Amino acid sequence: MPPLPLAQVEPARAALVLFGRIGTYAVRTADMHEGQLGDETLWRSSADSMMRHVLVPWRAKAPVDVFVQSWNPELAASMEAFWEPVASHHAVQNGTLAPCPVRLAMCHRSRWALLGMKTALELRSRWVSSTRARGVLARHGSVLVMRHDVYWFADLPRVRADRGVRLWLPFSCRISSCADTRARADTRARGRAVLQSAHGVQSAPSLAKCPQESRRRGVKSNWSLIGPASSVLGRQCGKMHLPLGWCENSVNIDWWFIADEALADGFVSTSDDFDEFTKLIKYNLKFHNSAPHHYWGLYFFYRQRIREHCQLGHVASSFLDFTLGRNVKIVNGAPRIPENGGCRYLGWENWWVPPQLRGPNASPSSPSSSTCNASNIAGYHAQCPAQTSLPVFRVCTELGNSTDARAMSALSAAARLAARHGVSETSRKRWEVSDRPRWREGANRSAEVNRRTSFERERQQHAPAAAQAASLQLQSSSTLKEKLLMLQDAKSAGLLSDQEYHNLRTSVLQQFVRG
């Protein structure tokens, strides 16, 4: 087949690949027995946060194709209706897998987990191949692979994995709160009060008071030092004499990654070559557990040498921007956000690229390029290369007792309508290249197109009212929480460009700090 015209190649397109098994709030997936059903509330609350903070912001910039695999056939109908995937697969786990090659705890569970990821990734690769047969090459500039039960507090920046950085992983940093007897313990924003200590002190504590978190009790300030952990998964980095480096070949937060197409397609080898990877864990890492943390690490860093070639970037921070859904308890119908959820550290960016990819115009979606020595980058081996030398101040929005729906109430009904239909407008473009299952064709497809056309008419009708409402609400909002939520929702609704959102958010935070 001759090469396709450049106009038919869409490198900015992205893929969201969802995989795995949903557990419950009381029982994590690894401990579920055969036949136990997943909790739909847990899945739906995570899915809502993912839609709000990942899919909607990403689709505002370019198309995103969704692929869904699950080991929860009891949730298949709900997942299909919610995600409207271009391809999906649902099945139940059974006892048909081959036994593990060596004696390791949780080996059978890891084989199922990696088989689910393989199935999900093959949905994407087969769909991309099918587009070529129709004369359209739908390339994915980034492939976001994620568990179903990741709960997001903040937007995941849209990054590309085809511009120097081939793999993006979340930060996994050690955040040490500075001890300061003068400081208050409040972490949630209520006007200016969060900036003040008990005695009105707003300056940073001395460095001498910052490493004392583990040795001293008492009131902690909102000032912290951020740096790499000295251990990963409970084992000290660099202090174990192993054939392979422990921290260098493990992925501490193995809930999601963003990769280029080739790296994502190659990840299926963790399932195909499961026996080989499992023996590396037992004999080279000398670990007693078989866990996805190590299969991920051995594939990315031992087999592909991604970190060694300085092709690894970091974006978003665990427990600040996201956590697992089971950590967000539902109380009286609303999620109770963990302490640091939704917080930010002023002056600390939530993305990082290797030094050779930085430049005057570098950004998460468009790094520049050159050479680098990975071994000279402090913290790179432990998923935290962006450490701070001085205390940084934590600012948190008041998310603790609010649902996504309640947070959206900062917008008027018209603005919410625009935000919701904006998703439909972008997803409608998928019809040109989608490979829908047959049961979604015919009359169902016609009805879907009619529904989206109706949505578009409503969106156009209400968009002016939405813009006006957004402007008025921002002017009248009095708390930091209200202003930040208002800006976020206005951006999701398409009422603000990325640059406008960034400028207004910076202005709001600066005003807040000045009091």
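Leu-144 stands opposite Ile-258 of β11 in this predicted model. Strand β4 (residues 142-147) and strand β11 (residues 256-259) run antiparallel and are joined by 4 bridges. Two strands count as paired if DSSP finds at least two bridges between them. Both belong to an open sheet of 8 strands with mixed pairing, in the order β3-β2-β1-β4-β11-β6-β12-β17. Strands β3 and β17 (351-352) stand at the edges with a single partner strand each, so one side of each lacks a neighbour in the sheet. Strands of a sheet pair through backbone hydrogen bonds, either parallel or antiparallel.

The model is predicted: local features need pLDDT of at least 70, side-chain atom pairs count only at pLDDT 80 or more, and totals for chains, interfaces and linings use all residues. Residues are numbered from 1 along each chain as its sequence is written, and side-chain values use heavy atoms, with hydrogens and water left out.

The chain holds 12 helices and 18 strands. These are DSSP runs, numbered from the N terminus (helices H or I, at least four residues; strands E, at least two). Of the 515 residues, 54% are buried. Buried means under 20% relative accessible area, exposed over 50%, and partly exposed in between (1.4 Å probe, protein chains only). Among contacts (heavy atoms within 4.5 Å) between residues at least 6 apart in sequence, 77% join residues at least 24 apart.

Helix α2 (residues 76-83) has Ala-76, Met-79, Glu-80, Phe-82 and Trp-83 as its buried residues. They pack against β1 (14-19), α1 (40-59), β2 (64-70) and β3 (87-90). Just after α2, Glu-84 takes a positive phi of about 45 degrees.

Arg-21 lies in the loop between β1 and α1. Arg-21 is buried yet has no salt bridge, defined as a side-chain nitrogen of Lys or Arg within 4 Å of a carboxyl oxygen of Asp or Glu. The nearest side chain of opposite charge, Glu-74, is 6.4 Å away. Lys and Arg count as positive and Asp and Glu as negative; His and the chain ends are not counted. The side chains of Arg-21 and Gln-93 are joined by a polar contact of 3.3 Å. Such a contact is a pair of N or O atoms within 3.5 Å; within protein, one must be able to donate a hydrogen and the other to accept it, and residues adjacent in sequence count only if both atoms are side-chain atoms.

Arg-163 is found in the loop between β5 (150-152) and β6 (167-171). Its relative accessible area is 33%, so Arg-163 is partly exposed.
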